[in-house]
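Hi there,

Here is the structure I promised to pass on.

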Amino acid sequence: MTSHLPALVVTVPLLTAFAAFAAGWLRPKLCFPVGLTGLGITAISSILLLAEVLEAGTVTYELGRWPAPWGIVYVVDRLNGVVLAAISLCAFIQWISSRASVKSQFSDRIGAFYGLELLFVTGAMGITVTGDAFNLYVLLEIASITAYALIAMGGGRAPLSSLNYVFMGTIGAWFYLLGVGYLYIMTGSLNMADLASILQGMRSSQAILVAFVIIIVGVWLKMGFFPLHGWLPNAYTHAPWPATTLIAPLMTKVMAYVMMRLVLFLFGPEYSFGVLGLKDVVVWWASLAVVAGSVIALSQKDLKRMITCIILIEIAYMVGGTFLGNRSGTTGAIFHLVNDVFMTLCVFLAVSSLAFRQRELDMDAMEGLFSEMPFTMGALVTGALSIVGVPPTCGFFSKWLLLKGALEAGHYEFMVALILSSLVCLVLFFRVFEAAYFGHGERSHGHHRMREAPLGMVVPLLVVAIGIVALGLMSGKVISSIIEPALPRGVL
Amino acid sequence: MRILGILVCVATGAMLIWASGEFPPWGDPNSPASLHVSPRYIEKTMEETSVPNAVTSVLADYRGYDTMFETTVIFAAGVSCFMLLRLFSGRERSSHHYRHILTGLTLRVRRKGKQLPELEEFEPMDSLWTPYDLILRTLCRFLIPFIQLFALYVIAHGHHSPGGGFQGGVILGASMILLAISQDMRSALRRIRERTLAIFSVAGVAIYAGTGALCLLLGSNFLDYAALSRIFPVDPVGARSLGIFLVEVGVGIAVMATMIVIYHNLASEGFLDEGL
Amino acid sequence: MDRILEVVIAKYNYWIYIVLMMIGLYGVIAKNNLVKKIVGMSIFQTAIILFFISMGMKKGATIPIIIHGQEASVRASDYINPLPHVLMLTAIVVAVSTLGVALALAVKIYKEFDTLEEDEILEKIRKS
């Protein structure tokens with residue numbers, strides 16, 4: 001079975017989604033265990049697949065036994081493999097943690113909710129593993145449509161925010177499709193490796209240039225890169241907590257992976273960085289986006305909205321890091337992608353535990369939380385330190401690489417933006433911790449009893465927090481064995 | 001917003017039209033798209049899959065994996081409409097209206113709450129009430145079986161003529177929606193219940209994914225229909241044709257159920273009692 | 001004059017679809033009513049679908065169903081390109097699914113705010 005791992009990694013969540021939906025109609029109590037089993041198998045398969053790639057090199061899988069470019073092929077190299085493992089682990093942990101929330105909010109349509117969550121995971125895994133440009137589009141739409149529906153379950157303003165996300169997300173995805181269409185008219189192929197080799201000889205074509213621009217703009221729209229980020233704060237803030245903790249760590253990072261795959265492998269580093277002098281323009285723009293994201297995050301009063309706006313900063317790091325064009329920058333961007341999945345998951349899970357107990361998330365409600373919910377706040381501190389970039393958490397190492405890359409490329413504005421935004425994140429989280437630790441105000445009357453969130457929420461949260469520190473301690477090994485060899489040859 | 005919209009659209013349109021300067025002329029048989037990958041589909045479809053319709057063979061065999069996810073997309077849309085709109089508590093009303101079918105007498109029952117139980121001789125009147133139209137009802141009752149027969153023909157004949165799972169599934173769904181429009185939603189729901197529709201939609205996609213998994217279990221790659229020749233008495237090329245047919249059936253069932261679910265949930269705002 | 005006519009005849013199909021795309025895009029960006037935005041999105045998607053279909057055309061070719069009796073001597077230039085049609089079957093289904101979800105969201109928004117005009121909804125949100 002091991003050689004079929006690439007297919008398993010997408011098929012298992014798909015079949016689990018069908019089983020969970022059917023169970024919702026026949027025997028609702030089975031929905032959670034069915035999903036748990038499916039996601040567990042997926043996580044194990046993706047780790048085995050990563051191990052196979054590290055041992056044997058790139059793994060190719062032909063679906064239907066048709067060779068590329070006539071059939072669809074799955075290509076798993078180191079970049080894919082590590083992102084797949086991150087996504088499946090994140091989904092597995094989130095599934096366990098959100099059980100209490102889902103049961104309390106959606107018990108009359110639990111099969112549908114769980115089914116759509118599993119379909120979202122299928123879409124995210126499929127986007128990462130595919131080697132065909134059109135197949136990527138179909139899986140992107142699966143992930144998007146399920147995300148639209150999950151976000152709209154929040155009640156109140158959620159349907160409107162989701163509808164705005166529908167408009168912008170659809171334009172982004174169909175821009176990507178239009179770009180693929182332009183590439184198809186000029187080359188006749190849809191397979192990524194085939195396109196890469198044909199495009200080598202078409203460097204000066206204007207149609208290819210427009211295709212490149214339109215694809216990247218479409219991907220940026222779905223990623224939430226400033227100024228195309230308008231949908232993100234509202235959509236993620238008004239969504240119900242189980243949906244936010246699943247979608248926020250995954251959706252934008254998977255789109256960042258798509259951008260890296262297209263820029264580094266499909267169009268190639270020489271083209272992407274050389275055409276139109278894009279390298280410098282994009283890095284300047286990314287620095288601007290980092291500053292804008294920091295300003296937006298600073299001006300938020302609600303905790304959930306604040307951590308949502310931090311995603312904007314992280315995405316801008318990844319775009320800037322990719323387009324720096326040197327090994328350190330690209331390595332930093334890829335490592336930051338993997339880190340950010342877990343950092344975002346940690347912070348969102350922690351705040352969702354707070355919300356489960358507290359219901360209100362403005363700064364007044366934070367008082368005395370350190371003594372009431374020590375484990376949750378401890379995990380939140382770890383996640384916050386990682387976002388700021390404090391060793392030995394993993395966030396420090398990826399930021400270090402990004403700084404090094406910016407220095408080597410001579411982009412001092414990106415260095416300034418990185419340092420500035422780290423300070424801003426420090427300020428943001430310090431506000432929360434100060435209120436939670438010192439607790440002045442009407443609500444504090446001496447000693448607070450410990451009133452933690454349920455065990456099913458705290459244990460996964462602690463696992464992620466420990467994982468962030470562990471990833472940081474092992475970062476040297478991870479970078480040298482997985483990420484460094486993943487870069488294409490053209491990146492100097 | 002208007003000025004921004006106009007600027008964005010004009011700029012994007014100009015950029016796209018500028019790029020089209022390099023495109024091959026319309027209808028050029030020597031364009032890269034016509035020469036690179038697709039000639040094999042046309043030339044080899046008969047000998048590799050024994051299906052004359054090249055579109056069906058590419059859709060369900062060469063690129064069958066895409067089609068499986070396409071079916072999943074439509075399934076996800078049906079589930080989403082159900083999850084977003086469905087309200088199980090029923091509409092609250094202060095009075096209900098009934099019409100005696102034979103005499104045309106109209107009754108108003110002033111009683112809060114849900115609908116009264118159904119009676120043969122009385123027809124509940126909807127808020128968007130249309131008169132009891134004998135011609136419309138009888139005509140549609142005659143037409144619907146033939147529409148469904150045609151839909152099954154379209155699904156089955158997708159190998160030899162334009163057609164296939166999606167097209168036939170939509171026609172099947174449309175026949176039930178016609179029933180719901182010409183009579184009322186309750187009659188349509190009596191014919192095919194909500195739970196049945198949900199199971200059908202899952203079953204359809206599960207048939208597709210299940211065929212692929214079956215090929216996996218028989219030792220070959222996912223969705224490689226040639227592996228089916230081990231359990232069915234056909235040669236590998238015929239097995240591909242059989243595999244294409246199986247997945248088309250799955251697609252047809254899933255699309256039919258999803259179309260009906262989406263219509264029911266949208267038209268009755270989630271209550272599934274009255275429609276348009 | 002002849003040159004311009006030549007270029008137009010060779011490319012006018014692409015231009016028409018690009019113009020249609022931009023009309024749809026304008027609808028999504030600039031219209032106030034939510035249903036008009038949904039319609040604009042639908043026009044945008046349909047224009048891209050038609051764009052793809054038009055690229056598969058070959059002069060003098062017929063639909064890509066192998067003619068009964070001619071299976072032995074199939075030439076690719078006798079049949080139009082099936083691949084864009086396949087891709088667009090998928091895209092049409094995706095467009096319909098997105099439309100279904102968008103309409104369900106519009107129904108939900110109407111139930112909550114009693115209006116479908118975006119400025120009125122924002123006004124109500126600001127007041128509450």
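First things first: this is a predicted model. Let's start where chain C meets chain A. Across that interface there is one residue pair in polar contact, with both residues at pLDDT 80 or more. The elements of chain C that give two or more residues to the side touching chain A are helix 1 (2–30), helix 2 (34–54), helix 3 (82–113) and helix 4 (118–127). Helix 3 of chain C brings the largest share, with 17 residues. Sorted by class, this side of chain C has 28 nonpolar, five polar and four charged residues. As for salt bridges between chain C and chain A, the count is zero.

How much area do the two chains bury between them? For chain C and chain A it is about 2900 Å², and 86% of that lies on carbon and sulfur atoms. In terms of contacts, 37 residues of chain C touch 28 residues of chain A.

Now for chain A by itself. Its secondary structure comes to 21 helices and two strands. The radius of gyration of chain A is 22 Å, close to the 23 Å that the globule rule gives for 492 residues, so chain A is as compact as a globular protein of that length. Its C-alpha trace spans about 75 × 60 × 45 Å along the principal axes. Of the 492 residues in chain A, 69% count as buried.

Cheers

Methods:
Residues are numbered from 1 along each chain as its sequence is written. Chains are lettered from A and ligands numbered from 1 in the order in which they are written. This is a predicted model: local features need pLDDT of at least 70, side-chain atom pairs count only at pLDDT 80 or more; totals for chains, interfaces and linings use all residues. Side-chain values use heavy atoms; hydrogens and water are left out. Contact means heavy atoms within 4.5 Å. Buried area is the accessible area (1.4 Å probe) that two parts lose on being put together, summed over both. A salt bridge is a side-chain nitrogen of Lys or Arg within 4 Å of a carboxyl oxygen of Asp or Glu. A polar contact is a pair of N or O atoms within 3.5 Å; within protein, one must be able to donate a hydrogen and the other to accept it, and residues adjacent in sequence count only if both atoms are side-chain atoms. Helices (H or I, at least four residues) and strands (E, at least two) are DSSP runs, numbered from the N terminus. Ala, Val, Leu, Ile, Met, Phe, Trp, Tyr, Cys and Pro count as nonpolar, Asp, Glu, Lys and Arg as charged, and the others, Gly among them, as polar. The radius of gyration is taken over C-alpha atoms; the globule rule is 2.2 Å times the number of residues to the power 0.38. Buried means under 20% relative accessible area, exposed over 50%, partly exposed in between (1.4 Å probe, protein chains only).
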